[in-house]
Amino acid sequence: MPAATPLSPQRRRFLTDTARMAGGCALAGGGLAWLARDARALPAEALRPPGALPEADFLGACIRCGLCVRDCPYDTLALAELGADGPATGTPFFTARDVPCEMCDDIPCVTACPTGALDPALTDIDEARMGTAVLVDQENCLNFLGLRCDVCYRVCPVIDEAITLELSHNTRSGHHAIFAPTVHAEHCTGCGKCEKSCVLPEAAIKVLPLRLARGAPAEHYRKGWEEMEEKGGPLVEGVIDLPDRLPGPGTDNLAAPGGFEPSFTLPAPGAGE
Amino acid sequence: MKEKTKLPVGVEAIRLKGWWQAHRFLLLRRLSQGFFLLLFLLGPWFGLWWVAGTLAGSRTFGILPLTDPLVLAQSLAAGHWPELTALIGALIVLAAYALIGGRVYCSWVCPINPVTDAAHWLHDRLGLQKGWQPKRHTRLWLLGTVLAVSALTGTVAWEAINPITMLHRGLVFGMGFAWALVALVFLFDLLVSRRGWCGHLCPVGAFYGLLGTHSLLRVSATRRAACDDCMDCFAVCPENHVIAPALRGKDGETPLILSPDCTNCGRCVDVCSVDVFAFTHRFDRRVEGPSSPPGPSRQTVA
């Protein structure tokens, strides 16, 4: 074996020092990463200001300066405090049941944001999607019980679009109506005025983050009635029209003897030509 | 060891210069720290919104944006390209500290500085051991770690625990349990590691140190020939490794304290009873004093 040149002690020292430092930093960095990722779990009742980027992007964009909070004229926004509030420390949020967003036309919070964590592309407050209202408790909602509370509907800044009252028969009393407050998510900004105004001790309508409130249709789903309307006729030619089994006297009600008429019959083959 | 070395720090300076003169820069520094904090508190306390925001990002007189460049660097590492306002704000801060010395932030603005100074004062009074002393460049490693974690998690990672912005935001907006972090820094400096946080670990200090590597404003041991080896400057300096090259420099070696670790706190100027140190700019290489009178032969190399 050839005589190896003795390794310098400085080299060994440098290598061990570097390894030790790298190890320490990996440990510290791991802890920090754990904390930083932990902060991603935004509580459902904490809503971000209008125009806020999706939460994962927001946490990389918001520098926690608080200028949006300062420029909010209604003191809606607050900065999350360490250990006291759920969202990542120092980031802005609001709780609809405490102070909802008043949907200012000039959106001062977005204007104040220096980094674009609140997207300056949002210029029409009606386009904001801070969350969406969900009537979470039909069993306690006064309107669903058959009363005319209507408060959530009346206070909605996008009334008759984001919340409508859907009329239906009150089967309990037999001769009254139910005006069901119904949210249409494509118009709801998530401002939270409905949740704030709900007269119950615990709101029956709540603004939830979209990730919790909304389902999503599968990409391949087609709504037959929409497709049919578009085409102006049945999608598949020559479908056999099977007899309808309908309620009413006569067990089978095949030709509607004494019962209900079918509401829809397929056009006879060749009828549309 | 000289007799004077054994005297408590600053006694000689107070005797010769008077208490006020021997605490000039310390008092100015506390005033400055209070001033910058008060600017942010004028709004929430008195409704006077000259300055809104926090140290991470602010707006002065409704027009001047300032952004902490390290916070913005984390945001960039996390993959977010910020709007122009934040970029301009960061550039202004970068330019200012590159000029006057990055770590001027540490000793004249940072709200944690009074905390660690208090810890050090108590540490001295209790006569505690210096404890764990990690290498000075640990903070550079931590700075790298902070940026790496920001990139990996896609978040402004350091702001999850940064005691500086936590304390500042706490005072201006609401504290929560941020005081616990501040208490941890205090206890760490008191019991675990003397001058440990600011001097060895804080990645913010590391960042501002790098920023001020070529800064103009410097302390210089201009009258180093007058030094009587009382060691008070070494005792009072939070980064005392920066002094020796300037103070003990041989003829021809610069009297300027050029290390980016120097925070320009000016305490060495305060406690020196023979006024060795003075603030000057980095091109002022004059050396004067009784044993080395100014003259062509003493002029240093450019």
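**A sheet, some salt bridges and an interface**

Modeller: Let's start in chain B, where three strands make an open sheet, ordered β1-β2-β3, with antiparallel pairing. Strands here are DSSP runs of E with at least two residues, helices are runs of H or I with at least four, and both are numbered from the N terminus; two strands pair if DSSP finds at least two bridges between them. Keep in mind that this is a predicted model: local features need pLDDT of at least 70, side-chain atom pairs count only at pLDDT 80 or more, and totals for chains, interfaces and linings use all residues. Residues are numbered from 1 along each chain as its sequence is written, chains are lettered from A and ligands numbered from 1 in written order, and side-chain values use heavy atoms, without hydrogens and water.

Biologist: What is the bridge partner of B:Arg59 in β3(B)?

Modeller: Strand β2 (residues 57-60) of chain B runs antiparallel to β3(B), and four bridges join them. Within β3(B), the residue paired with B:Arg59 is B:Pro65.

Biologist: Over to chain A: which residue stands opposite A:Ala46 in β3(A)?

Modeller: In chain A, strand β1 (residues 46-47) and strand β3 (residues 92-95) are antiparallel and joined by two bridges. β3(A) also has two bridges to strand β2 (residues 78-79), again antiparallel, with A:Ala78 partnered by A:Phe93. As for A:Ala46, its opposite number in β3(A) is A:Thr95.

Biologist: Which backbone oxygen lies 2.9 Å from a polar atom of the side chain of B:Lys17?

Modeller: B:Lys17 belongs to helix α2 (residues 11-17) of chain B. Its side chain reaches the backbone oxygen of B:Val269 at 3.1 Å. The one at 2.9 Å belongs to B:Asp270.

Biologist: What is the area buried between chain A and chain B?

Modeller: The contact (heavy atoms within 4.5 Å) takes 41 residues from chain A and 46 from chain B. Buried area is the accessible area (1.4 Å probe) that two parts lose on being put together, summed over both. Carbon and sulfur atoms give 68% of the total, which is about 3300 Å².

Biologist: Which residue meets B:Lys135 in a salt bridge?

Modeller: Side chains of opposite charge can pair when their charged atoms come close. Between chain A and chain B there are two salt bridges. In one of them, at 3.6 Å from N to O, B:Lys135 meets A:Asp17.

Biologist: Which element gives the largest share of the side of chain A that touches chain B?

Modeller: The elements giving two or more residues there are α1 (9-38), α2 (55-61) and α3 (67-71) of chain A. The largest share, 13 residues, comes from α1(A).

How values were computed:
A salt bridge is a side-chain nitrogen of Lys or Arg within 4 Å of a carboxyl oxygen of Asp or Glu. A polar contact is a pair of N or O atoms within 3.5 Å; within protein, one must be able to donate a hydrogen and the other to accept it, and residues adjacent in sequence count only if both atoms are side-chain atoms.
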